[in-house]
Amino acid sequence: MTRTVSGIDIPPVPDGARGPKVPPRGYLVEEIAGGVHWVTDGGYQCAFVVGEDEVIAIDAPPSFGGFVTRAIRDVTSKPITHVVYSHYHGDHIGATDQFSADAVRIGQEETYGLLKELDDPMRRPPTVTFRDSYRLDVGGQVLELHYKGNNHAPGNIFIHMPQHRVLMLVDVIYPGWVPFANIAMSKHIPGFMAHHDHALAFEFDTMITGHLTRLGTRRDVETQREYMHDIRDAAQHALELTPAKRDLARDSVGLDHVYTYFSTMYDAAAAEAARPVIEKWAGRLGGVENFAVNHTFIMYQSLRLDDNARPNVVFFPPTDSSDDCAHDH
Ligand SMILES: [Zn+2]
C-alpha cells in the first residue's frame, strides 16, 4: 500500500527490488564466484577480482570511498595492481585515487579523452586504453572489456569475466527497479536501448550493475528491456496525442510564454501516454510511479530527434484552429 509521509506518496517497494542487508559498518562485500567480489553500500556497487598474486579493482564510488580498500583488505592482503574504469563518471570512479599511482589503469579511449579534458586529480586518466575490446589476463583471471558504442555515457563498457559467467555494466540495468531519471541520464537513447540486447549476447548468470539494492540476472535484463519497449510505445502514443495536447495548451495557457506552452503540451501528452505503463509495472518494478512519465518524455524527445522514422509533428499551433497544416517551428 502507498504510504503518505509529509504529504508525499511513497509507493510500496516491490519484493524483487529488495537486496541483502548492508551491515552497520556501511558496506557489504561478497564473493560472487572464483575470486570475483562485489561491494555495495546499498546504493552504489563496485567490484574487485582476486588473482594469484594481485587484485584487480573495478571502480571506486565516492559514496563509500575508502571502504573499497577496506573491503578488499577484509578478503586479501595481495596488492591492488590494476584498476578498471567502467566509465568516466565521478560518482563511480571518483575515489580511485585511493589506489596506488603505480597501478595499471584501464579504460576505453573515450574515457581517456574525457578524463584528460576534465583534469580531476581524483580520476587519473587510464594508462592503458582500447577502442573496441581489451583482454586482461593476469594471475589466472580473465577480464574481457568490450565497448559497443555510446549509451549511458561515451566510453561506458561491458566487463565480462567469462570463466565465472559474471558481467558488469554500470548505469544501464537496474535490477528490480526502473532506470534512474532521464532514462538513466543517458547521453544516447538508441545506444541505451541496444545495450539490453548487447548484454544478453554475453554468457553470464550474474550481473553487477553499479547501483541499487542487489545483483542482477539475465531475467532482469529481459524485464527491463520489456519495460523500456513499453516506454517506447508510450512515447509513440505521446507523439500521436500531441495535436490534441497542443490545442489544449494553446487554449489553456496561450502561446505568449512559449516554454509554459511547450511544457503544458509535453507534460499532458507524456502523463496520459505513461498511464498504462504505470498500471502494468506498479508492484513489479520499483520507481515506475516516480519516473515513467519522465522516461516517456525523454523517449518522446529521442524519437523526435534521433529516430530514423522521425514523426513530422507540428509543435506550434495556429492561433485560430487545430489545423495540422500549420507551420512547423
Ligand atoms: Zn554514470
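Predicted model: local features only at pLDDT ≥ 70, side-chain atom pairs only at ≥ 80, totals over all residues.
1. Zinc geometry. The 4 donor atoms around the zinc ion subtend angles of 89 to 173°, which makes the arrangement irregular. Residues are numbered from 1 along each chain as its sequence is written, and side-chain values use heavy atoms, without hydrogens and water.

2. Zinc donors. H87 (NE2), H89 (ND1), H152 (NE2) and D171 (OD) lie 2.1 Å from the zinc ion. Donors are N, O and S atoms within 2.8 Å of the metal (3.2 Å for Na, K and Ca); with water not among the atoms, the site may look incomplete. Their spacing along the chain is H-x1-H-x62-H-x18-D.

3. Burial. H87 and H152 are both buried, that is, under 20% relative accessible area (1.4 Å probe, protein chains only).

4. Largest pocket. Its space is about 250 Å³, the volume filled by probe spheres set on the grid points. A pocket is an open set of points on a 1 Å grid, where a 1.4 Å probe fits, with protein on both sides within 12 Å along at least five of seven lines; lining residues have an atom within 4 Å of a point. Of the 18 lining residues, Y174, P179, F180, H211 and L212 are closest to the centre.

5. Pocket location. The largest pocket lies between domain 1 (12-216) and domain 2 (227-305), because both give residues to its lining. The domain bounds come from an automatic or database assignment.

Methods:
Tetrahedral: all angles 85-135°; square planar, octahedral: opposite > 155°, others 65-115°. Buried < 20%, exposed > 50% of the residue type's maximum accessible area, 1.4 Å probe, protein only.
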